[in-house]
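Here is a short report on one protein model. Look at the sequence and the structure first, then read on.

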Amino acid sequence: LRVVESGGGSVQPGGSLRLSCAASGFSLDHYSIAWFRRAPGKEREGVSCIDTSDGSKYYADSVKGRFTISRDNAKNTVYLQMNSLIPEDTATYYCAVGRCGSPESQFGTWGQGTQVTVSS
C-alpha cells in the first residue's frame, strides 16, 4: 500500500493550491483518507478527512470555508483544494489512510509529504 502526495508549492497570501493524494496497491474508495500538516516547530495536526462509508467530510476549524476535500475514485486520488491561503497554512502536508476521527497514531500508510509555503 502506498500513497503519494503532490501539488505543493509557493504561493502568495490569498492564493490557491490543489494537493493530490494518489494511491497505489489498493482502492481509495474502500478507505477513509485524511490530510495532516506539520508546520515548522509545531506538532502535526489534522486538516481534513473524507469518510469512505458515507462520503462525510471533516475539517479543522482553521481551514473551514477555505479548504475542500474530495475524491475521484476513477483516478484513485483524493484532493485537497486550498483557497484563500494564509501564511499560517505554511507546512508540510501529508495524506494518510485510516478512520476519520481516529487518533493520528491509528493512521497507517503515510505519504512522504508535500511542502506548501505561503509568503509574500
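A polar contact is a pair of N or O atoms within 3.5 Å; within protein, one must be able to donate a hydrogen and the other to accept it, and residues adjacent in sequence count only if both atoms are side-chain atoms. Keep that in mind for S48 below.

This is a predicted model: local features need pLDDT of at least 70, side-chain atom pairs count only at pLDDT 80 or more, and totals for chains, interfaces and linings use all residues. Residues are numbered from 1 along each chain as its sequence is written, and side-chain values use heavy atoms, with hydrogens and water left out.

**A serine in a strand**

S48 sits in strand β5. Strands (E, at least two residues) and helices (H or I, at least four) are DSSP runs, numbered from the N terminus. S48 has a relative accessible area of 5% and is buried. Buried means under 20% relative accessible area, exposed over 50%, and partly exposed in between (1.4 Å probe, protein chains only). What lies 2.8 Å from a polar atom of the side chain of S48? The backbone oxygen of Y58 does. Contact means heavy atoms within 4.5 Å. Leaving aside neighbours within four places in sequence, S48 is in contact with I33, A34, W35, Y58, Y59, I69 and L80.

**Two sulfur links**

A disulfide is a covalent bond between the sulfur atoms of two cysteines. Here the cut-off is a pair of cysteine sulfur atoms within 2.5 Å. How many disulfides does a search of the whole structure find? It finds two.

| Pair | S to S distance | Torsion about the S-S bond |
|---|---|---|
| C21 and C95 | 2.1 Å | 75° |
| C49 and C100 | 2.0 Å | about -85° |

Take C21 and C95 first. Their link is right-handed. C21 lies in strand β3 (residues 17-24) and C95 in strand β9 (residues 91-98), so the pair ties together parts that are 74 residues apart in sequence. Both C21 and C95 are buried.

Now the other pair. With its torsion of about -85°, the disulfide of C49 and C100 is left-handed. C49 lies in strand β5 (residues 45-50), while C100 is in the loop between β9 and β10 (114-118), so this pair ties together parts that are 51 residues apart in sequence. C49 is buried, and C100 is too. Number the bonded cysteines in sequence order, and the pairing reads 1-3, 2-4.

Strands of a sheet pair through backbone hydrogen bonds, either parallel or antiparallel.

**Two positive phi values**

N76 is not a glycine, yet its phi is positive, about 55°. N76 is in the loop between β7 (67-72) and β8 (77-82). Its relative accessibility is 17%, so N76 counts as buried. T109 also has a positive phi, near 55°, and is a residue other than glycine. T109 is in the loop between β9 and β10. With a relative accessible area of 23%, T109 is partly exposed.
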